Amino acid sequence: QVQLVESGGGLAQAGGSLRLSCAVSGSIFSSTGMAWFRQAPGKEREFVSSISRSTGTTTYADAVKGRFTISRDNAKNTVFLQMSSLKPEDTAVYYCAAGRKSAFSREYSYWGQGTQVTVSS
């Protein structure tokens, strides 16, 4: 059974940093792409970043480029999202996902439960 468990969310001030983690159980981690999506209140879920399974190729949404960094530790079955220079508009529930590397949520078969990130101005 595959499970994704996010952690590291919380409250930060504008300009601050947070680091999200997503631990993946099951045997899929080394063979799958990973991504982070987010959903703000009243808005649709949106792509944040993705990383490929083997080469570590990364992709970022324009809104976070230069501020967020995705990485993965295949030995620990964990993907990270380092968020810096946070803005109030980054406030959302952040979800990690496992599947075919893409900016489209439909390509991901497994999802975590989400972790809340709140950025105060």
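## Salt bridges

Five salt bridges are found in a search of the whole structure, a salt bridge being a side-chain nitrogen of Lys or Arg within 4 Å of a carboxyl oxygen of Asp or Glu. The structure is a predicted model, in which local features need pLDDT of at least 70, side-chain atom pairs count only at pLDDT 80 or more, and totals for chains, interfaces and linings use all residues. Residues are numbered from 1 along each chain as its sequence is written, and side-chain values use heavy atoms, with hydrogens and water left out.

Arg38 takes part in a salt bridge with Glu46, where the closest N and O atoms are 2.6 Å apart. Arg38 also meets Asp90 in a salt bridge, at 2.9 Å from N to O. Asp90 is in the loop between strand 8 (78–83) and strand 9 (92–99) while Arg38 is in strand 4, so this pair ties together parts that are 52 residues apart in sequence. Strands here are DSSP runs (E, at least two residues), numbered from the N terminus. Arg38 has a relative accessible area of 6% and is therefore buried; Asp90 is buried as well. Glu46, at 38% relative accessibility, counts as partly exposed. The cut-offs are under 20% relative accessible area for buried, over 50% for exposed, and partly exposed in between, with a 1.4 Å probe and protein chains only. Through shared partners, salt bridges join Arg38, Glu46, Arg67 and Asp90 into one network.

A further salt bridge links the side chains of Asp62 and Lys65, at 3.2 Å from N to O. Asp62 counts as exposed, with 66% relative accessibility.

## Aromatic pairs

The count of aromatic pairs comes to four. Rings of Phe, Tyr and Trp (its six-membered ring) pair if their centres lie within 6.5 Å; planes under 30 degrees apart count as stacked, over 60 as edge-to-face and the rest as tilted. The ring centres of Phe37 and Phe47 are 5.7 Å apart and the planes stand at 75°, so the pair is edge-to-face. Phe37 belongs to strand 4 and Phe47 to strand 5 (residues 46–51), so the pair ties together parts that are ten residues apart in sequence. Phe37 and Phe47 are both buried.

Phe37 pairs with Tyr108 too: the centres are 5.5 Å apart and the planes are at 75°, so this pair is edge-to-face. Tyr108 lies in strand 10 (residues 108–111) and Phe37 in strand 4, so the pair ties together parts that are 71 residues apart in sequence. The relative accessible area is 1% for Phe37, which is buried, and 5% for Tyr108, which is buried. One aromatic cluster is formed by Phe37, Phe47, Tyr108 and Trp111.

## Charges over rings

Two arginines sit over aromatic rings. Arg45 lies over the face of Trp111, at 4.7 Å from the ring centre, and Arg72 lies over the face of Phe29, at 4.3 Å from the ring centre. A charge sits over a ring if NZ of Lys or CZ of Arg is within 6 Å of the ring centre and within 35 degrees of the ring normal.

In soluble globular proteins, nonpolar side chains tend to be buried together. The largest nonpolar core in this model has 33 residues, and those with the most contacts inside it are Cys22, Met34, Trp36, Phe68, Leu81, Met83 and Tyr94. Strand 3, strand 4, strand 5, strand 7 (68–73), strand 8, strand 9 and strand 11 (115–120) each supply at least two residues of this core. Strand 9 gives the most, with five residues. A nonpolar core is a set of buried Ala, Val, Leu, Ile, Met, Phe, Trp, Tyr and Cys residues joined through side-chain atoms within 4.5 Å.

Val93 lies in strand 9 and, at 22% relative accessibility, counts as partly exposed. Val93 touches Phe37, Arg38, Gln39, Gly114, Thr115 and Gln116, not counting residues up to four places away in sequence; contact means heavy atoms within 4.5 Å. The C-alpha atoms of Val93 and Thr115 are separated by 5.4 Å, with the two residues 22 apart along the chain.

Thr32 is placed in the loop between strand 3 (18–25) and strand 4 (33–39). Thr32 is buried, with a relative accessible area of 8%. Leaving out residues up to four places away in sequence, Thr32 touches Arg53, Arg72, Ala98 and Gly99. A polar atom of the Thr32 side chain lies 2.9 Å from the backbone nitrogen of Gly99.

How values were computed. Helices (H or I, at least four residues) and strands (E, at least two) are DSSP runs, numbered from the N terminus. A polar contact is a pair of N or O atoms within 3.5 Å; within protein, one must be able to donate a hydrogen and the other to accept it, and residues adjacent in sequence count only if both atoms are side-chain atoms.
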